[in-house]
Amino acid sequence: MFPADIAILIPAFYPKSSLPSYVDELKALGFIKIIIIDDGSGNDFSPLFTDLELKKCTVVRYKTNYGKGHALKVGIGYVASHLSNVSGIVTADSDGQHLPADVFHVAEVSASHPDTLVLGERDFSRKSVPRKSAFGNSFISACFALLFGLHISDTQTGLRAFPRSLFNILLALPGERYEYETQMLAVCAHRNIPLTAVPIETVYEDGNSGTHYRPLADSLRIVASLLKTFLRFTASSIVCAVVDQVLAWTIMDSLVSILSGYDFLRIFLATVVARIFSMILNYTINKAFVFKKSADHGSAIRYLILGSILMVLSACGVFVLHMTLFVDERIAKVIVDLCLFALSYRVQQSWVFGEDDRNNVDRA
């Protein structure tokens, strides 16, 4: 049935006059289910959307501009509710950036890669790419790699494909504007949903004047949406670190007279006891409020393994700093635990509270 069972979803806000002819090209390739979302373009664009309806496109209209993310969710919801025979969706922009041949190729790759998010990947190294587009994408890609350990060279591509099995996950994502597309990638990184990148042509008409993307404001908005989980993790870690440090310092001091001359044993025992209390607190907070994981014995076991490893690394690190560099034990513990903080976040995100084994970005 391919490509007849694939729906093309195009969010449109002040679309170019070339959109109807673009739709004709898609139809010529065999795409018969095309959904256009009028994201509050206003009365001036009403004739254009009427023309699209005459071309047998489904046009969903509303008066207020809510943003691209909102429009995409409206479209996904429409397909989920009204088109039961559709196996997947390909999203494309309304400004002519995505060649019909690339849309077909992305749909083709999606059909052969079930349960995968397929990305049409642009080449930002070309001289024809506007600086604001290259800057915004590079900035977000770097932030995404730092937070999720996954390098995606084109985080803002509007040409994507995903199967019906991902509809409910994507509909539940936060974000109403451009940050929604990055949240798609974040949920895939967290749930270990496979990603496949497909090289596409980089087309910018009139210096990309048709885009509504604001490089600085929208990039900051996107990064802020990505940082929410990290900031919750940081707050949780600070609370638990205070508990851990105070208990460890107290126990280390109280054991000085009992274990005189056995510095490693004293430090190790203090670290173990303090870490057990802080781990229980940290796991409870992270499961419920940071990564929002439902009840799962597997995550508790994985957290226990991670915590045990970090506990040994912490004790050994404190001992080494104290004995070789003569750093005060309390200061040494702060230094070592700060170094282990980033490692703990990445492992908890991708393994403890993640799902299955991580897959890298495949390139078709």
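This is a predicted model: local features need pLDDT of at least 70, side-chain atom pairs count only at pLDDT 80 or more; totals for chains, interfaces and linings use all residues.

Modeller: Residues are numbered from 1 along each chain as its sequence is written, and side-chain values use heavy atoms, with hydrogens and water left out.

Biologist: What does H4 reach from its first C-alpha to its last?

Modeller: H4 (residues 100-112) reaches 19 Å, close to the 18 Å expected for its 13 residues. Its buried residues include Val103, Val106 and Ala107. They pack against several elements, among them strand S1 (6-12), helix H1 (19-28) and strand S7 (195-199).

Biologist: Why is arginine 266 called buried?

Modeller: Buried means under 20% relative accessible area, exposed over 50%, and partly exposed in between (1.4 Å probe, protein chains only). Arginine 266 has 5%, so it counts as buried. Its place is in helix H9 (residues 263-290). It touches (heavy atoms within 4.5 Å) Met252, Leu255, Val256, Leu259 and Glu329, not counting residues up to four places away in sequence.

Biologist: How many aromatic pairs does a search of the whole structure find?

Modeller: The search finds twelve. Rings of Phe, Tyr and Trp (its six-membered ring) pair if their centres lie within 6.5 Å; planes under 30 degrees apart count as stacked, over 60 as edge-to-face and the rest as tilted.

Biologist: What makes the pair of tyrosine 14 and phenylalanine 45 stacked?

Modeller: The ring centres are 5.3 Å apart and the planes are at 10°, so the pair is stacked. Tyrosine 14 sits in the loop between S1 and H1, and phenylalanine 45 in the loop between strand S2 (33-39) and helix H2 (46-54), 31 residues apart. With 43% relative accessible area, tyrosine 14 is partly exposed.

Biologist: What kind of pair do phenylalanine 233 and phenylalanine 341 form?

Modeller: A tilted one: 5.4 Å centre to centre, 45° between the planes. It links helix H8 (residues 215-254) and helix H11 (residues 329-352), with the partners 108 residues apart. Phenylalanine 233 has 1% relative accessibility, so it is buried. Phenylalanine 341 has 23%, so it is partly exposed.

Biologist: Why is phenylalanine 326 called exposed?

Modeller: Its relative accessible area is 70%, so it is exposed. Phenylalanine 326 is in the loop between H10 and H11. Its phi is near 60°, a positive value in a residue other than glycine. Most residues other than glycine have a negative phi. Tyrosine 14 also has a positive phi, about 50°.

Biologist: Which residues make the nonpolar surface patch?

Modeller: Ile301, Ile305, Ile309, Leu313, Leu343 and Trp351 make a patch of about 530 Å². H10 gives the most, with four residues. Patch residues have over 30% relative accessible area and no salt bridge; like charges are joined within 9 Å, nonpolar side chains (Val, Leu, Ile, Met, Phe, Trp, Tyr) within 5 Å. A salt bridge is a side-chain nitrogen of Lys or Arg within 4 Å of a carboxyl oxygen of Asp or Glu. Isoleucine 305 has 40% relative accessibility, so it counts as partly exposed.

Conventions. Helices (H or I, at least four residues) and strands (E, at least two) are DSSP runs, numbered from the N terminus. The expected span of a helix is 1.5 Å times one less than its number of residues. Accessible areas come from the Shrake-Rupley method with a 1.4 Å probe; for residues, only the protein chains shown count as cover.
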